[in-house]
Amino acid sequence: MNQPLVTIQRPGLQSSFQDEGRQRSLHWGVGQGGVLDPVAAKWAWYLSHQVPGSPLVEIIGGGTEWYIQHTLWLIITGADLQAQWWRENEQRWMDLSPYVRIHMKTGDRLVFRGSRCGWVAYVAVLGQWQCRHRLGSASCVVRESETALLPTASTAGAGTLRPFLAGDVLWATLDATQRPEWARMPIRMQQLNVAILGRDSPWVDLDQAVIPIPFFPTSQWFWFDEKVRQQFLTQRYRISSQSNRMGIRCDGEQALSLPQGLSTLSEPIALGAIQCPANGQPIVLMNDHQSLGGYPKLGTVTRWGRHLLAQARPHQSVRFYDVRDMVFSPDIS
Amino acid sequence: MNTTVIPSFKTPWWQRLNENTWLARCLPFDAQQVDQLLALHLTQFSDYLHQVEPAHRLTQIVPSTVGILLQWHPSQRLNDESMQIHWQTWRDGFDGWQDHHPWQPRHWVVPTYYQGEDLAKVAQRTDLSIDQVIQLHSQTLFQVQTIGFTPGFAFLGDLPVALHLPRRAQPRTQLPAGTVAIAEGQSAIYPQATPGGWHCIGQTDFVCFDWSRWEQGQNPCTFRVGDRVQFVPRECY
């Protein structure tokens with residue numbers, strides 16, 4: 001039964017519905033959207049027994065507060081955004097680490113204070129979030145959002161046609177028959193599972209001072225000067241705070257010089273393309289990227305690289321390395 | 001990628017962009033000229049792929065003026081060889097398909113109010129009168145070159161040389177939906193309110209993109225590459 005479950009009291013930096021992404025849309029200029037971090041989303045689908053590709057609530061950066069209207073099971077994966085759970089019947093706060101499944105009751109509250117590690121978290125429900133679809137997908141592409149048409153808090157289209165606002169209500173169909181073995185585990189025990197899932201979680205890489213990002217050197221890579229290529233491979237980049245779901249902006253100490261004589265005709269852009277605009281500071285194009293672009297590209301970030309970049313906080317340092325130099329690829333998912 | 005062969009629609013340069021995305025490049029990296037015939041071929045070829053390949057396998061097919069991008073679903077495991085085999089199969093099927101699906105460009109008439117904010121400035125900078133600008137713009141038969149930027153945004157080619165102007169130095173933070181604008185050698189209609197650096201010369205209520213058409217099984221995007229577009233001043237329409 002479709003019912004209202006959660007009231008959003010504060011939407012935070014940005015929270016919206018995302019799924020696997022829109023299919024067959026880019027040739028119309030419609031962004032594909034989809035989960036920024038495919039690895040964390042995969043775990044959310046797995047732990048909530050959902051078909052991979054179902055809608056999830058994506059929370060970027062935290063600052064989010066939810067009020068629970070109805071008893072439900074929630075699954076949180078991805079970044080550690082210092083989630084805290086107000087337990088109404090016990091009248092106390094409880095800290096949550098990601099990759100837990102919690103049973104929340106009416107009157108409880110869920111707060112994401114802000115990033116401790118990572119940047120993007122996913123919230124799934126044991127059941128299915130109910131939301132509007134656009135071209136067959138629930139993904140919200142902010143650039144195409146209709147804030148003008150849905151200015152006030154409402155339920156129809158919230159999260160899909162525009163990011164969430166305070167006062168929006170999340171509806172879901174709960175699966176009452178599902179009570180997994182996991183649910184009987186005490187919560188501290190569940191948190192042990194983080195250690196097991198940690199093999200696939202970004203903490204190992206994200207703790208480093210400089211996060212290594214694997215990429216394929218393709219597109220116009222060989223048109224760049226040998227020196228510029230070396231500079232790109234050795235230089236550290238800081239994630240700019242202007243980064244968003246469209247592109248992760250990387251600020252390097254020295255700007256890259258662009259190759260001469262290249263065509264300026266627009267070519268289609270792949271997910272994770274490293275575009276080098278005129279100012280010489282590369283932008284990694286993420287899920288909400290535009291369909292065509294004329295700037296030269298240094299290559300494309302791999303799936304694992306996109307996962308790391310999505311979880312890298314603003315002002316964290318990254319460096320790029322040629323994926324062919326990688327001895328062991330953790331991208332087994 | 002065998003760079004000794006000049007890339008063409010028949011012998012594209014293959015670039016594997018990431019795990020599940022390939023770009024078949026049909027123009028060399030330093031090409032400066034748009035090959036309109038190639039663009040039409042690629043659009044028609046993408047129409048064919050839309051019909052023969054299910055969306056859950058081949059998730060994005062993006063034609064452009066330089067090549068065609070194919071994004072597979074992550075569950076599809078491919079390598080360069082299997083991609084080549086697919087391409088050969090499609091090429092064989094496409095030759096027969098083309099005979100039954102001839103290219104039929106459509107002709108769109110766009111009623112336009114020529115009352116844009118930059119109209120006077122455009123006239124001043126091109127040394128024309130406002131009426132001459134309107135006349136030049138509305139007497140041109142435009143052709144859709146590419147679609148991109150925002151949903152349904154079509155780049156309309158072959159603006160008369162007399163109207164060529166560089167983009168605005170300061171892009172506007174918000175242009176209303178339906179703005180008719182020009183920049184460099186192109187004209188366009190803004191399907192939705194977005195920031196833009198083009199010179200707006202008019203306003204139209206022509207619908208370029210309608211999300212709800214998709215649910216009725218129709219194409220939400222009005223324009224297709226190769227379509228002809230004519231702007232008609234509202235007074236005499």
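Reader: Which residue forms a salt bridge with B:Asp227?
Author: A salt bridge here is a side-chain nitrogen of Lys or Arg within 4 Å of a carboxyl oxygen of Asp or Glu. For B:Asp227, the closest N and O atoms of the pair are 3.2 Å apart, and the partner is B:Arg106.

Reader: Before we go on, how are the residues numbered?
Author: This is a predicted model, where local features need pLDDT of at least 70, side-chain atom pairs count only at pLDDT 80 or more, and totals for chains, interfaces and linings use all residues; side-chain values use heavy atoms, with hydrogens and water left out. Chains are lettered from A and ligands numbered from 1 in the order in which they are written, while residues are numbered along each chain as its sequence is written, from 1.

Reader: Back to that pair: is B:Asp227 buried or exposed?
Author: The cut-offs use relative accessible area (1.4 Å probe, protein chains only): under 20% is buried, over 50% is exposed, and in between is partly exposed. B:Asp227 has a relative accessible area of 2%, so it's buried.

Reader: Which residues does the salt-bridge network around B:Asp118 join?
Author: Start with B:Arg168 and B:Asp118, whose closest N and O atoms are 3.3 Å apart in a salt bridge. B:Arg168 sits in the loop between S7 and S8 of chain B and B:Asp118 in the loop between S5 and H3, so the pair ties together parts that are 50 residues apart in sequence; helices (H or I, at least four residues) and strands (E, at least two) are DSSP runs, numbered from the N terminus. B:Asp118 counts as buried at 2% relative accessibility. Salt bridges that share partners make one network of B:Glu117, B:Asp118, B:Arg168 and B:Arg172.

Reader: And in chain A, how far apart in sequence are the parts that A:Asp80 and A:Arg116 tie together?
Author: Their side chains meet in a salt bridge with an N to O distance of 3.1 Å. A:Asp80 is buried at 11%, whereas A:Arg116 is partly exposed at 48%. A:Asp80 belongs to strand S5 and A:Arg116 to the loop between S9 and S10, so the parts they tie together are apart by 36 residues.

Reader: OK, the interface. How much area do chain A and chain B bury between them?
Author: Buried area is the accessible area (1.4 Å probe) that two parts lose on being put together, summed over both. In chain A, the residues that lose the most are A:Arg24, A:Trp28 and A:Leu265, together 23% of what that side buries. Carbon and sulfur atoms carry 56% of the total, and that total is about 3700 Å².

Reader: How many residues of chain B are in contact with chain A?
Author: Contact means heavy atoms within 4.5 Å. Chain A brings 43 residues, and on the chain B side the number is 50.

Reader: Which residues make the salt bridge across the interface?
Author: The rule finds one salt bridge between chain A and chain B. The N to O distance is 2.5 Å, and the side chains that meet are those of B:Arg25 and A:Glu267.

Reader: Which elements of chain A give two or more residues to the side that touches chain B?
Author: Across this interface there are 21 residue pairs in polar contact (both at pLDDT 80 or more). That term means a pair of N or O atoms within 3.5 Å; within protein, one must be able to donate a hydrogen and the other to accept it, and residues adjacent in sequence count only if both atoms are side-chain atoms. The elements are strand S16 (267–268), strand S20 (297–301) and helix H6 (303–311) of chain A.

Reader: How many residues of H6(A) are buried?
Author: Among them are A:Arg303, A:Trp304 and A:His307. H6(A) is largely enclosed by the rest of the structure, because its buried residues number nine of the nine.

Reader: One last thing: what is the phi of A:Arg24?
Author: Most residues other than glycine have a negative phi. A:Arg24, in the loop between S2 and H1 of chain A, is buried at 10%. Its phi is positive, near 55°.
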